[in-house]
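Colleague: I am new to this structure. Please show me how to read a few of its features.

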Amino acid sequence: MSVGHDSSMRRPTAGIDWASTEHALAIVGPDGVEVQRMLVEHTAAGLRKLLRCLQQAAVLEVGIERPDGPIVEALLDAGLTVFVIAPNQIKHPRRRYGAAGNKDDRFDAYVLADTVRTDHHRLRPLTVDSPATLTLRMTVRARKDLIAARVAMANQLRAHLEHVLPAVIGLFRDIDSAITLSFLTRFTTQDKVDWLSPRRLQNWLRSVSYPNPARAGLLHAHLLAATRGTTGPEATARAHVTAALVAGLTALREQINALEEQIELQLLQHPDAAVFTSLPRAGIVRAARLLAEIGDARGRFPTPEALTCLAGAAPSTRQSGKVKVVGFRWAVDKQLRGAVIDFAGDSHHANPWAADLYRRARARGHDHPHATRILARAWLHVIWRCWQDGVPYDPTRHRALQAVLAPPA
């Protein structure tokens with residue numbers, strides 16, 4: 001629900017400082033005077049109390065620091081207009097009300113409420129993505145977190161094997177691959193590895209359906225050339241740690257695979273799937289990540305510049321007098337930036353236009369991250385147009401790409 005500027009300015013505004021256990025609420029009158037301040041617990045009863053208080057005060061507009069969660073859902077369901085004001089946006093306004101500018105939840109709630117009152121014309125009401133997009137975003141981010149946990153545990157396993165069983169490091173391509181984990185399940189100590197001969201290793205590779213068991217001789221040579229690990233009773237004791245790490249990595253791989261199956265199902269059922277799967281080298285997971293982070297609320301990004309700024313693909317320009325500095329943009333949506341940079345960084349391997357743009361950026365002296373951001377900014381203009389029109393990306397209609405492919409005159 002949205003209201004006009006004049007009517008909203010005659011009503012009180014509210015600010016909520018969100019926390020994990022309790023939330024600070026402040027209500028400010030049209031004259032800027034705080035009329036109510038309270039703390040509510042993060043419970044169902046607490047949320048009902050908060051909404052009842054807003055209703056009794058005739059509040060229609062609320063400022064808050066985050067765009068999701070139970071509070072935001074409750075506010076939107078109650079028909080309130082929600083403005084998301086990032087923490088860095090209220091950092092400096094705190095000094096309007098005192099020189100110290102200290103962080104205090106109750107005071108921040110007041111600053112949020114007063115910012116809605118004074119800067120109403122600068123703020124954009126929160127637009128909510130569809131339930132399908134919110135579900136996809138949750139699944140995509142959960143997979144990303146599990147992959148981070150898998151990488152951390154794989155590093156832990158590698159560090160452990162450096163002392164216990166160095167021969168396994170580098171035996172196969174990845175320390176957390178299915179074949180490596182199978183090997184460590186069967187051969188947990190140096191004594192068991194010593195039992196292997198080329199023939200025995202080849203037979204074991206066949207038993208686990210290894211695609212090239214003929215490499216058994218090379219793999220056995222690697223085992224012989226490596227530094228020997230721990231042996232005897234000490235090795236047996238440390239094998240329990242190896243087994244625990246292997247079990248943890250196996251479970252993570254299984255759950256990541258399960259989430260990827262859900263991501264594919266959720267993506268293919270989404271109305272915007274064709275837009276993002278049509279992008280070069282997008283695949284399933286990458287396309288799902290782009291869709292999940294950009295969303296499907298078109299009003300959030302009325303221009304491609306709005307999208308590129310939030311994604312961190314547009315440079316930050318600072319000018320004072322004759323001095324102009326162009327630098328890296330830090331105040332961005334990091335999840336969105338990660339999705340866009342991941343896509344752009346691989347697109348130049350499959351798209352002639354992207355390859356030309358990336359090559360020219362490198363020729364101007366930009367390093368890989370900078371060149372990738374330049375490519376990401378260009379891609380976001382293309383993606384924004386396809387996304388707004390609801391049509392898949394068609395390289396034959398891409399004018400910049402056609403200019404690259406056209407033969408010289």
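Colleague: How many helices and strands are there in the chain?

Modeller: The chain has 18 helices and 7 strands, counted as DSSP runs from the N terminus (helices are H or I, at least four residues; strands are E, at least two). This is a predicted model, where local features need pLDDT of at least 70, side-chain atom pairs count only at pLDDT 80 or more, and totals for chains, interfaces and linings use all residues. Residues are numbered from 1 along each chain as its sequence is written, and side-chain values use heavy atoms, with hydrogens and water left out.

Colleague: How are two packed helices described?

Modeller: By the angle between their axes and the distance between the axes. Here the axes of α11 (residues 232-268) and α13 (residues 285-294) come within 10 Å and cross at roughly 60°; axes are lines fitted to C-alpha atoms over the stretch in contact, with angles from 0 to 180 degrees between N-to-C directions.

Colleague: Which residues meet in α11 and α13?

Modeller: Glu260, Ile263 and Leu267 of α11 meet Val285, Ala287, Ala288 and Leu291 of α13, contact being heavy atoms within 4.5 Å. By class, this contact has 6 nonpolar residues, no polar and 1 charged (Ala, Val, Leu, Ile, Met, Phe, Trp, Tyr, Cys and Pro are nonpolar; Asp, Glu, Lys and Arg are charged; the others, Gly among them, are polar).

Colleague: What share of the residues is buried?

Modeller: Of 409 residues in the chain, 44% count as buried, meaning under 20% relative accessible area with a 1.4 Å probe, protein chains only.

How values were computed: Buried means under 20% relative accessible area, exposed over 50%, partly exposed in between (1.4 Å probe, protein chains only).
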